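Thanks for coming, everyone. Please bring up the sequence and the structure side by side. I'll walk through them in a few minutes.

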Amino acid sequence: MSLIEVTSDVAAAPQGAPAAFQYLDCLGDGGGGLVAFPTETVYGLGADAGNAEALARLYKVKGRPAAHPVIVHVASAEEAWLWADAVPEFAHKLAERFWPGPLTLVLKRAAKVLDTVTGGADTVGLRVPGHPVAQELLQAFGAGIAAPSANRFGRLSPTSADHVRADLGMGIDAVIESGTCDVGLESTIVDCSGEAPVILRPGRITAADIEAVAGMPLAEDDSTVRAPGTLPAHYAPRAKLKMMRRTEIIEAVATNKGKRLAALLLEIPVPRLSSSNTLVVPAVAVTYARSLYANLRVLDATGADTILVETPPDSPSWAAVLDRLGRAAHT
Ligand code: TXA
Ligand code: MG
């Protein structure tokens, strides 16, 4: 599979030039560029993880506070270990089972890792994405690419190139376009810098998966190790978001007096607000997650001032969805 053409106006590929070279020029060798690329979770905004100037620009474009670390993406586990200082046995097991894939491991950092990457922490977040386009880019680049989700700080992560353009527009150098992301929510983050794994951010790979493969129980997140970017209010649409039971949503719609409401409901249809501002999605966690951010963007675009989201089931497979909705609802 080859890299798809650049679609940003800012960096149109010269006629006949192989696309991969364009990105490499842009990212590396002092290019210091910002290239958005697809991963299986969400689109990332990539910068050379060894270039402090490019990282400074990355933070600026995202509007992200400097103390929030970014994940370094590499093509393989062998490359990942070059960024870490000590890698415990259980981290090796997790990498072997889940990389390439939607998992980020937080490890003690190697001396070479820039403070701009870690936000000054003594750990570094590492991920080997499985998306073929991300893999091709990383293999061609041959070094680490720092990539937060390609959205403005605090907003919904992008699951398509259109979302990236809508959020970051001309502020970046290129977007590698490759359809929609399969997982739809950000990677599971596991802190492996202590005695036992700690889940800092739930994702497609569940707590049970991590325990089974690590071969030990998870340690509790004691909040001193919590990922600095996982703030209570995050991943939010423009409109206010409220999580409610279905009966409460029906009540809210029935008694509504002139509020612009939109709703995200689970499978069984209920009285609609109108077909344009209600989405009904299957109550299957993986499917729901895949389209969650795109659905919230659609509901935002209706001009609603409040999005009523039917509370999904409180079971382990829904943990990542509940985490993101909880943050989006936090005011
Ligand atoms: O799926 C994903 O992980 C996507 C794709 C692009 O790979 N990336 C992503 O990056 O979600 P971002 O920057 O939006 O979120 C990264 C999270 C932040 O909450 C950050 O605090 C945490 O990872 N993180 C990164 N390095 C860390 C470290 N050394 N210690 C603790 N948390 C870390
Ligand atoms: Mg993000």
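One definition to begin with: two strands pair if DSSP finds at least two bridges between them. Keep in mind that this is a predicted model.

Now use that definition. Strand E4, residues 103–108, and strand E8, residues 188–191, run parallel and are joined by four bridges. Look for valine 106: aspartate 191 in E8 stands opposite. In general, strands of a sheet pair through backbone hydrogen bonds, parallel or antiparallel.

Step back to the whole chain. The protein chain has 331 residues, and 52% of them are buried. It holds 11 helices and 13 strands. Take the contacts between residues at least 6 apart in sequence: 66% of them join residues at least 24 apart.

Next, the sheet that E4 and E8 belong to. It is open, with nine strands and mixed pairing. Read the order across: E7-E1-E2-E6-E3-E5-E4-E8-E9. Which strands stand at the edges? They are E7, at 174–175, and E9, at 198–201. Each has a single partner strand, so one side of each is left without a neighbour in the sheet.

Stay in this sheet and find E3, residues 71–73. Histidine 73 sits in that strand. Is histidine 73 buried or exposed? Its relative accessibility is 3%, so it counts as buried. Who are its contacts? Leave aside neighbours within four places in sequence, and histidine 73 touches Arg127, Pro129, Leu138, Ala143, Gly144, Ile145 and Ala147.

Now move to strand E13, residues 306–310. Five of its five residues are buried. In a regular strand the side chains alternate between the two faces of the sheet. Here, Thr306, Leu308 and Glu310 point one way from E13, while Ile307 and Val309 point the other way.

E13 has partners to look at. With E10, residues 240–244, it pairs in the parallel sense over five bridges. Methionine 243 stands opposite valine 309 in that pairing. With E11, residues 261–266, E13 pairs over four bridges, again in the parallel sense. There, alanine 263 has leucine 308 as its bridge partner.

On to helix H11, residues 319–329. How many of its 11 residues are buried? Eight, so to say it plainly, H11 is mostly covered. The buried ones are Ala320, Val321, Leu322, Asp323, Arg324, Leu325, Arg327 and Ala328. What covers them? The cover includes E9, E10, E13 and helix H10, residues 285–301.

Last stop: the second largest pocket. Its volume is about 390 Å³. There are 22 lining residues, and the closest to the centre are Ile199, Pro202, Ala207, Leu218 and Ala319. E9, H11 and helix H8, residues 207–214, each give two or more residues to the lining. By class, the lining has 12 nonpolar, four polar and six charged residues.

Where does the lining come from, by domain? It draws at least three residues from domain 1, 24–214, and at least three from domain 2, 240–329.

Technical notes:
Residues are numbered from 1 along each chain as its sequence is written. Chains are lettered from A and ligands numbered from 1 in the order in which they are written. This is a predicted model: local features need pLDDT of at least 70, side-chain atom pairs count only at pLDDT 80 or more; totals for chains, interfaces and linings use all residues. Side-chain values use heavy atoms; hydrogens and water are left out. On a 1 Å grid over the protein atoms alone, a cavity is a set of points where a 1.4 Å probe fits but cannot get out, and a pocket is an open set with protein on both sides within 12 Å along at least five of seven lines; lining residues have an atom within 4 Å of a point. Grid points are joined across faces, edges and corners, and a volume is the space filled by probe spheres set on the points. Ala, Val, Leu, Ile, Met, Phe, Trp, Tyr, Cys and Pro count as nonpolar, Asp, Glu, Lys and Arg as charged, and the others, Gly among them, as polar. Domain bounds come from an automatic or database domain assignment. Buried means under 20% relative accessible area, exposed over 50%, partly exposed in between (1.4 Å probe, protein chains only). Contact means heavy atoms within 4.5 Å.
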